[in-house]
Amino acid sequence: MNDLSRIVNGVRTLAIVCFQWGDTGKGKFVDFFAEWWADIIVRGTGGSNAGHTIRVGDKEYILHLVPSGILHDAAGKVNIIGSGVAFDPRQAIHEIHLLAAEGIRCANLKIALNAKLVLPHHMLLDRLRESSAGEGRIGTTGRGIGPVYVDHVGRSGLIVNDMLNPTVLARKLKRTLAEKKVLFDSYDPETARQILQHPDLGSGAFWDPRTTLNTDATVEQYVAWGKELSEFIDDTDEYVANRVGRQNILLEGAQGNLLSVDHGTYPYVTSSDCSVAGLAKGAGLHEHDVDLTLGIVKAFYMTRVGRGPFPTELGGPQSDAWCNQAGITAATEMQHHPALTVNDPDPFLQGIAIRRAGKEYGATTGRPRRVGWLDIPLVRLSRRLTGLNVILTKLDVLSECDEIPVCYSYEHDGPWYRYGRRLLYRGARHGDAIPDCDIMQSSKPRYTVFPGWNADITGLTSLEEAPEMLCYPIQYLQEEAGVNVVLWSVGPDRQQTILANDPILAKR
Ligand code: IMP
């Protein structure tokens, strides 16, 4: 641990964010720094759409809302669900109970009083939109995230504190539902009824045959949840701001830069800003309060859940269609494709084998994550947003691959397209990922292919023991993307972490 403590030398506020489309292993590193460094751990964005997996010994914990530092609650670490979060009280209570069953009391958990409250109509509208959008669907997690932030920006949202004030809750809820009547009326009532039978939506408790949503039942349930959560609800913006520079604060990102509503592959994004700027704001801070950001890059493959462009996807549109079909899970995929190897000559099948090797199935929805090779132009884009210090995760997954292709630039493979003053014509080569879906759909990757390292690296304890063939693509990534690899993760456990370089503290 001594060597690793060099990373946080002089750092008081550390942010951990993802450079890609989420699911890169933030949970492991938040837990890692929470154990020996942080005093306070704050989630600032997203909601129960996130799924953070932490492994300790034989146990695996999957958290959606409660910060990944909660396993260190008994050591007095304060875990905060910040004001930028879309807060679903049902999910939070569920996680608190699950943790209690494991002996974790959540004695130091705090929930921002001004976090955005997820209500039944948010989940209903999310699911109605997805079910009726056909090819226009995003592939959301159905947790109501988009509609919550729409209400917030549209100035008709509710906050966590409203659960503590029944009259205010009822007044605000009635007003916002009245505004939405026209919207509800535009959907098929039977589909709405069916969606409202889902256990995430109270198994029918919020359904009303005349008005679609039953306001009284909603108020009653949310007030009850508010009572159960009242001991945790606090002014966390003030709490965090008062401790900047005095205590060690760890900001836990959710999703990833490429899913950011402001910087990602819009419209195939989530509805919060997942970059460090959005994270700091949602935790009650300013970006300049952050001393060091570590961006996580899964290497040497990447994944995406839901729809949207993915230039290096193994199996291209076939993989996209397969993964976005309803009902495909790890088990059904195994039935269809039982024996595959990570060297399969068919890219679609190779993608399935890598997904299986990396256990790339959604922690929130169980959906298969689409799999593709590492895309350096996208790393460059994230570097611009986040800074240059990165953690490489999941390095052990491709240990049996004979070849490791790494995308270093694109060739425009579509009709000519103007992007501001730039003209992209068929055959034009460009090394920048432009987060414009029309351009990304036409970006054909160009690869440098490295030989695989063909060795089990899960027991590595230092860089000196690393196979030479693993070092080459890492060196290439550093040079091509201009990043500084600080840590290597060679397995899910905390101790499977190797220090590669000290961070460069200049922010950009
Ligand atoms: P939403 O956040 O549920 O609205 O979903 C919008 C898009 O973000 C969809 O493509 C989701 O699959 C994706 N998404 C949301 N949360 C996560 C996550 O934690 N990991 C990976 N993808 C996510």
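This is a predicted model: local features need pLDDT of at least 70, side-chain atom pairs count only at pLDDT 80 or more; totals for chains, interfaces and linings use all residues.
Me: What makes Arg370 and Asp320 a salt bridge?
Reply: The rule asks for a side-chain nitrogen of Lys or Arg within 4 Å of a carboxyl oxygen of Asp or Glu. In this pair the closest N and O atoms are 3.6 Å apart, so the pair passes. Arg370 sits in strand S15 (residues 370-373) and Asp320 in helix H11 (residues 316-323), so the bridge ties together parts that are 50 residues apart in sequence. Helices here are DSSP runs of H or I with at least four residues, and strands are runs of E with at least two, numbered from the N terminus.

Me: How many salt bridges are there?
Reply: The structure holds 25 of them. Another one joins Asp234 and Lys110, whose closest N and O atoms are 3.3 Å apart. Asp234 belongs to strand S11 (residues 233-234) and Lys110 to strand S7 (residues 109-112), so here the two parts are 124 residues apart in sequence.

Me: Why is Lys110 called buried, and why is Asp234 called partly exposed?
Reply: Lys110 has 18% relative accessibility, so it counts as buried. Asp234 has 29%, which makes it partly exposed.

Me: What makes Arg422 and Asp432 a bridge too?
Reply: Their side chains meet at 3.2 Å, N to O. Arg422 is in strand S19 (residues 422-424), and Asp432 is in the loop between strand S20 (429-430) and helix H15 (437-441), 10 residues apart. Both are partly exposed, Arg422 at 33% relative accessibility and Asp432 at 39%. Elsewhere, salt bridges that share partners join Asp23, Lys298, Glu360, Arg369 and Lys394 into one network.

Me: What stands out in the backbone of Asp23?
Reply: Asp23 has a positive phi of about 60° although it is not a glycine. Most residues other than glycine have a negative phi, and most peptide bonds are trans. Asp23 lies in the loop between S1 and H1, and its relative accessible area of 24% makes it partly exposed. Gln255 also has a positive phi, near 50°; this residue is in the loop between S12 and H10, and at 9% relative accessible area it is buried.

Me: Where are the cis peptide bonds that run to Pro267 and Phe300?
Reply: One runs from Tyr266 to Pro267, with omega near 5°, and Pro267 is in the loop between strand S12 (249-252) and H10. Another runs from Ala299 to Phe300, with omega near -5°; Phe300 is in the loop between strand S13 (292-298) and strand S14 (301-304).

Me: Why is helix H1 said to be largely enclosed?
Reply: Nine of the 11 residues of helix H1 (residues 26-36) are buried, so the rest of the structure largely encloses this helix. Among the buried ones are Phe29, Val30, Phe32 and Phe33.

Me: How do you know that the protein agrees with a compact globule?
Reply: The radius of gyration is taken over C-alpha atoms, and the globule rule is 2.2 Å times the number of residues to the power 0.38. For 508 residues that gives a value near 23 Å, and the protein has 23 Å, which agrees. Buried residues make up 58% of the 508, and the secondary structure comes to 16 helices and 23 strands.

Technical notes. Residues are numbered from 1 along each chain as its sequence is written. Side-chain values use heavy atoms; hydrogens and water are left out. Buried means under 20% relative accessible area, exposed over 50%, partly exposed in between (1.4 Å probe, protein chains only).
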